[in-house]
Amino acid sequence: NNPDLPFYYVQLSSMERPGWEFFRDSQRRLLSIPNTGMAVSSDVGNRTDVHPRRKWTVGKRLSNIALAKTYGKNIVYSGPLLDYVNVLGNKLEVHFSYNEGLKTVDGNQVKDIEIAGADGVYKSAKSTIENNILEVWHPEIKNPRYVRYGYTPFTEGNLINKSGLPASTFSNSNQ
């Protein structure tokens with residue numbers, strides 16, 4: 001009976017379990033509900049164990065959500081979250097919330113990112129990051145429409161913001 005009651009949760013970690021990528025993305029979409037917050041844990045996952053071993057990392061992320069959203073502290077509490085996608089010829093321009101200092105944790109191209117045309121056939125994408133915007137493309141896809149990131153059960157996605165917080169699994173497709 002309290003619609004303002006905060007509800008903070010942990011997104012499923014990365015694990016070799018079919019379908020988890022879809023569930024992680026559905027958890028991201030729940031952030032549209034007021035007074036919710038989600039701690040991403042895909043970067044601390046384990047291929048065979050559902051429980052992340054670095055629980056202090058997950059606990060710190062949850063506490064930062066509460067400190068920022070409930071107690072008004074001025075701290076970064078989220079990694080990059082999909083905001084919108086622009087189509088620019090044969091590339092997709094991916095915009096994020098919490099994107100300040102958008103980069104990869106290892107300085108390499110973004111891992112576990114794919115694009116597709118209207119046919120919905122995804123292919124691994126090439127990427128660049130400029131001005132906190134991610135551009136993705138594939139030479140065989142001339143009219144891209146969809147992008148997805150972290151869409152393997154055990155993702156090794158490496159996209160973070162300047163606070164070192166990982167990007168959530170995401171897709172701009174409703175499929």
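A nonpolar core, as the term is used here, is a set of buried Ala, Val, Leu, Ile, Met, Phe, Trp, Tyr and Cys residues joined through side-chain atoms within 4.5 Å. With that in place, I turn to the structure before you, which is a predicted model.

The largest nonpolar core has 17 residues. Within this core, the members that touch the most others are Val94, Ile113, Leu134, Val136, Val147, Leu159 and Phe170. At least two core residues come from each of strands E4 (91-97), E6 (113-116), E9 (133-137) and E10 (146-149). E4 provides the largest share, with three residues. As a general remark, nonpolar side chains tend to be buried together in soluble globular proteins.

Which residues does Val94 touch? Setting aside residues up to four places away in sequence, Val94 is in contact with Leu82, Tyr84, Val85, Ile133, Leu134, Val136, Val147 and Phe170.

Is Arg148 buried or exposed? Its relative accessibility is 18%, and the limit for buried is under 20%, so Arg148 counts as buried. The side chains of Arg148 and Glu114 are joined by a polar contact of 2.7 Å. Beyond four places in sequence, Arg148 touches Asp112, Ile113, Glu114, Tyr122, Phe170 and Ser171.

Finally, the surface. Leu67, Tyr71 and Ile75 form a nonpolar patch of about 290 Å². Ile75 belongs to the loop between helix H2 (55-70) and strand E3 (81-88). Because its relative accessible area is 32%, which falls between the limits of 20% and 50%, Ile75 is classed as partly exposed.

Key:
Residues numbered from 1 in each chain as written. Predicted model: local features only at pLDDT ≥ 70, side-chain atom pairs only at ≥ 80, totals over all residues. Heavy atoms only, no water. Patch = residues over 30% accessible without salt bridge, like charges linked within 9 Å, V, L, I, M, F, W, Y side chains within 5 Å. Areas by Shrake-Rupley, 256 points an atom, 1.4 Å probe, with all protein chains shown as cover. Salt bridge = Lys/Arg side-chain N within 4 Å of Asp/Glu carboxyl O. Helix = DSSP H or I, 4+ residues; strand = E, 2+ residues; numbered from the N terminus. Buried < 20%, exposed > 50% of the residue type's maximum accessible area, 1.4 Å probe, protein only. Contact = heavy atoms within 4.5 Å. Polar contact = N/O pair within 3.5 Å; in protein donor to acceptor, adjacent residues only side chain to side chain.
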